[in-house]
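Student: Could we go through this structure together, starting from the inside?
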Amino acid sequence: MSVYSDSDLASALASGEISITPFSEQSLSSSGYDLRCADDVSIAPGSSALIHTLERVELPPSACAQMFIRSSFAREGLVGSFALIDPGFRGQLTLRIANLGAHPVKIGKGERVAQMVFHRLITPSKKPYSGR
């Protein structure tokens, strides 16, 4: 697997190979895309919340993706339990985020919360994601 650069991702988006809707140029980073929170959320210390992304993502059978909590939230004590996004996935993403810090953390609607890093598979998957 190889990681998509910003120019690789821009090409994949332009060709329709990968889809991110709604797309924000400000969320594109050098090696990924910052997913935004769909709603205002407050996470109390010692608790967790399910966070829905504003974006809907569509991946081809030749790509998968990983998600990572943004470092600004990690410094506040947030950690995420994120799964690999399978080749062929189509839909909105749901993230489980826990607050291990000492203070409540607020995430605003539209705020960038997690980075998605895209990986190109050596060969396309023979069994891409097809729903539950």
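This is a predicted model: local features need pLDDT of at least 70, side-chain atom pairs count only at pLDDT 80 or more; totals for chains, interfaces and linings use all residues.

Student: Which residues have the most contacts inside the largest nonpolar core?

Tutor: They are M116 and F118, in a core of 32 residues; such a core is a set of buried Ala, Val, Leu, Ile, Met, Phe, Trp, Tyr and Cys residues joined through side-chain atoms within 4.5 Å. Among the elements that give two or more residues to this core are α1 (6–15), β6 (48–58), β9 (90–99) and β11 (112–120).

Student: And what does M116 touch?

Tutor: Leaving out residues up to four places away in sequence, M116 touches S31, G32, Y33, L35, V57, A65, Q66, M67, I85 and L93, where contact means heavy atoms within 4.5 Å.

Student: Is L93 buried or exposed?

Tutor: L93 is buried, because its relative accessible area is 6%, and buried means under 20%, exposed over 50%, partly exposed in between (1.4 Å probe, protein chains only). L93 is found in strand β9, strands (E, at least two residues) and helices (H or I, at least four) being DSSP runs numbered from the N terminus.

Student: How far is L93 from E55?

Tutor: They are 38 residues apart in sequence, yet 7.6 Å apart in space, C-alpha to C-alpha, and E55 is among the residues that L93 touches.

Student: Switching topic, where is S24?

Tutor: S24 lies in the loop between β2 (19–21) and β3 (28–29), and counts as buried because its relative accessibility is 12%. Beyond its neighbours within four places in sequence, S24 is in contact with Y33 and R36.

Technical notes
Residues are numbered from 1 along each chain as its sequence is written. Side-chain values use heavy atoms; hydrogens and water are left out.
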